[in-house]
Amino acid sequence: MPLYHDDDQAMLADSASQFMREEGAINKQLRHWRDRDCKDGFGHGLWEQFGEMGFTGMLVDEDDGGLGMGHVEAAIVLEEIGRNLTPSPFLASSVLAATALKHGSEDLRSRWLPGLIEGKSVFTVAIDEGPKHNPQRIGCKAEKSGNGFKLNGKKAFVLHGASADMMVVAARTSGSDDDTDGVTLFAVPKDTSGIEHDARRLVDSSMATHTSFDDVELDGDAVIGEVDGGREILNAMLDAGRVGAAAEGVGVARGAMDMTVDYLKQRKQFGKTIGEFQALQHRAAHLYAEVEIARAVTIKAAQLLDGGSEKAELMASVAKAKVAKAAGLAVREGVQMHGGIGMTDEYDIGLYMKRDRALQEFLGDQYYHAERVAQLSGY
Amino acid sequence: MADDLEQFRSEVRSWLEANCPEEMRQPVRDERDVYWGGRNASFKSDAQKQWFEACRDKGYTVPEWPKEYGGAGLSPAEGKIFRQEMAAINARPPLSSFGIWMLGPALLHFGTEGQKQRFLNEIARGEIRWCQGYSEPGSGSDLVSMQTYGEDKGDHWIVNGQKIWTSYADEADWIFCLVRTDKENKYQGITFMLFDMENQGVSTKPILLISGNSPFCETFMDDVKVPKSYGEDIPAYVGEVNRGWDVAKYLLGHEREMISATGGGDRASSLGSVTSRQGELDPVLRAEMAMFDVDALSFTAMSEKFMDELKANKGHPAQPNMLKYAGTELNKRRHELLMAAGGSAALEWDSEESGGGKTARSWLRTKANSIEGGTSEVMLNVISKRILELPGG
Ligand SMILES: Cc1cc2nc3c(=O)[nH]c(=O)nc-3n(C[C@H](O)[C@H](O)[C@H](O)COP(=O)(O)OP(=O)(O)OC[C@H]3O[C@@H](n4cnc5c(N)ncnc54)[C@H](O)[C@@H]3O)c2cc1C
């Protein structure tokens with residue numbers, strides 16, 4: 001498969017680009033909701049528009065009413081989301097939770113997917129239990145109780161947890177915290193009693209919760225896949241989410257780079273446009289190289305995922321780490337090359353820096369994934 | 001000599017022991033933890049007031065300034081010991097201000113006796129808070145192109161123009177301000193003026209920073225009348241009329257030293273040891289921190305060497321630019337790593353647990369370190385030209 005977009009994908013990119021530029025623009029969404037101290041961190045109206053565009057169910061199988069597209073297509077949408085810093089539950093709902101639900105029963109799928117496809121339902125995932133990404137450790141416990149389970153424990157960094165209609169929770173049904181086996185995924189509905197969300201606003205104005213489960217009773221049919229067989233689904237979900245986060249990061253990097261290159265062409269000092277200074281030209285050119293490379297490896301990882309390749313896991317980590325480096329560079333260079341104005345809230349470049357920081361942390365930062373690359377490469 | 005210094009050290013130690021309240025030996029957590037002085041200042045706590053007053057009365061707000069100007073008249077060697085003993089007990093600075101870091105050194109070098117008597121004492125005693133009016137919307141890195149103009153009216157000037165990024169202008173009492181007094185002469189047409197922010201026609205408008213705080217402003221001058229003198233031997237300008245650029249540059253040297261010191265420079269402890277979750281760090285993050293510590297601890301030695309050489313009048317005069325560059329780039333890296341070590345908890349923006357987003361807001365604030373006081377690029381340009389003597393514009 002060539003590593004560029006085919007005609008259909010290019011068309012999708014055009015329409016996603018136009019849609020995010022118009023409907024998902026910074027002033028219309030991010031600043032709008034931020035300045036109103038919105039408790040969701042995104043707009044439900046826009047989410048419904050995502051549904052009308054066919055984005056929400058793009059990864060859902062056609063048999064379940066979705067578009068049956070792949071991660072390359074999801075990455076296209078995410079890149080445009082990143083470029084415009086469009087706040088939405090897309091990554092958590094349409095990529096992470098939707099990937100888990102592929103492994104769910106007919107009942108689960110028909111219960112949850114229609115709402116997602118319409119852009120009416122919002123989902124999230126509850127995996128990490130501490131401040132650093134560590135999906136190996138699952139300490140939340142789900143004990144058998146009657147026909148169902150009783151869930152106890154705590155999760156951290158649950159994206160827009162308080163706004164989610166359903167949350168995919170990774171819990172332990174046997175073994176001890178660091179065991180690979182003995183993990184089960186549950187589709188936990190919003191209003192189940194015993195769940196408590198402690199919502200926090202993050203640096204990028206998105207919301208996340210510390211969520212605790214206190215004797216939460218779950219039906220047996222809330223299980224996604226098999227009891228004790230959740231690790232594999234969790235891994236699939238994580239790979240999809242990491243490639244998705246990488247794609248969004250590529251968009252953040254490109255958005256920041258474009259703004260900065262524009263500024264270099266406008267700002268004058270010493271009687272010259274600052275873009276005439278070779279010290280800045282080389283750095284802008286270097287940044288361009290890094291961002292292009294990061295974009296290539298992200299498309300590669302998405303293709304490998306879609307093809308079910310055994311190298312997908314490695315390349316998902318490579319992509320997540322490489323994008324973190326490139327996007328980090330883009331936002332740092334962006335603020336620096338703007339000078340004093342880059343430090344002001346009025347200019348958007350700082351918003352890119354904030355979003356990048358939150359994305360870097362989500363599902364593992366560059367250090368986590370570099371370590372994983374070493375391990376998966378056998379050293 | 002050595003004995004005298006040891007004697008001095010033990011005196012300082014017991015003075016600090018007796019006078020520095022326990023509360024003032026805690027790390028500085030936010031701006032209000034340090035007293036900035038000024039007409040409208042207030043103390044955050046009794047301990048802060050007590051500590052400030054004890055230092056002020058002893059000349060320890062500016063230990064190396066002469067006694068007649070409010071300092072303690074310490075020699076360079078004594079000054080170093082004083083700083084070491086302060087650092088040893090983690091003592092907070094009793095008073096911070098642009099007067100101490102910037103205007104003071106310029107006045108000590110260029111000021112008249114009358115200016116020193118008045119302004120240095122006011123600074124040392126924390127009575128007047130100063131701000132710095134250099135940058136303009138069209139003149140940042142290319143500062144000398146600034147346009148704020150003072151029209152000569154005999155015994156006064158009428159000043160019109162706009163400054164920008166003026167830190168704490170809305171809290172400052174007085175401004176030291178670059179004003180063009182000769183439009184024909186770029187470098188020799190600027191006067192370094194001092195005036196009261198309460199003068200009619202001066203107004204400020206705060207600018208919101210990405211960290212969510214708002215410590216800097218646009219400053220507007222609209223027909224501001226600045227008298228040429230504030231009394232006998234107290235001219236309203238430093239140095240000579242139209243020769244303000246020399247003063248401005250001298251002051252920038254001190255500003256750069258100061259910024260580099262608040263950078264990676266003055267920390268004796270390693271980064272790994274100040275993060276709370278040491279045991280759980282990913283191995284690659286741990287390695288990255290160790291690499292940072294190699295650079296930061298080395299930089300600390302460079303800062304010390306620089307200060308020692310400075311006091312002995314050795315070293316290249318353009319070295320502060322190198323320190324400013326290296327120190328601020330390090331400090332930015334340090335905060336990137338603190339964010340990484342803090343993980344998702346460090347992303348929190350206003351929760352109580354995060355102290356109102358302390359880690360994230362500090363991280364964002366450090367991004368200005370390599371912009372304020374001259375950008376990293378400008379520092380590198382100066383190093384290339386003035387130290388390495390590379391050819392070209
Ligand atoms: C937090 C903060 C506090 C400040 N406080 C004060 C204050 O109290 N008083 C005051 O007067 N000013 C203050 N400043 C202003 C500061 O000094 C200027 O922002 C700085 O000098 C840069 O100017 P500029 O913002 O106009 O950027 P520009 O000069 O427009 O620079 C934009 C970019 O171009 C680069 N560039 C410019 N020229 C060259 C070149 N020749 N070669 C290579 N690259 C180049 C710069 O390095 C930068 O990356 C403050 C700034 C900040 C961020």
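Modeller: Accessible areas come from the Shrake-Rupley method with a 1.4 Å probe, and for residues only the protein chains shown count as cover. On that basis chain B exposes about 17600 Å², and carbon and sulfur atoms supply 49% of this area. The model is predicted, so local features need pLDDT of at least 70 and side-chain atom pairs count only at pLDDT 80 or more, while totals for chains, interfaces and linings use all residues; side-chain values use heavy atoms, without hydrogens and water. Residues are numbered from 1 along each chain as its sequence is written, with chains lettered from A and ligands numbered from 1 in the order in which they are written.

Of the 393 residues in chain B, 53% are buried (under 20% relative accessible area, with exposed over 50% and partly exposed in between; 1.4 Å probe, protein chains only). The C-alpha atoms of chain B fill a box of roughly 70 × 45 × 45 Å along the principal axes. Its radius of gyration, taken over C-alpha atoms, is 22 Å, which agrees with a compact globule of 393 residues, because such a globule would have a value near 21 Å (2.2 Å times the number of residues to the power 0.38).

Among contacts in chain B (heavy atoms within 4.5 Å) with a separation of 6 or more, 69% join residues 24 or more positions apart. Chain B has 11 helices and 8 strands (DSSP runs numbered from the N terminus: H or I of at least four residues, E of at least two).

One span of chain B, residues 131–224, is 51% strand and 0% helix, and its end C-alpha atoms lie 17 Å apart. An unreviewed UniProt entry places the feature "domain: Acyl-CoA oxidase/dehydrogenase middle" at residues 131–224 of chain B; UniProt positions follow the numbering used here, feature names are shortened, and annotations may be inferred rather than shown by experiment.
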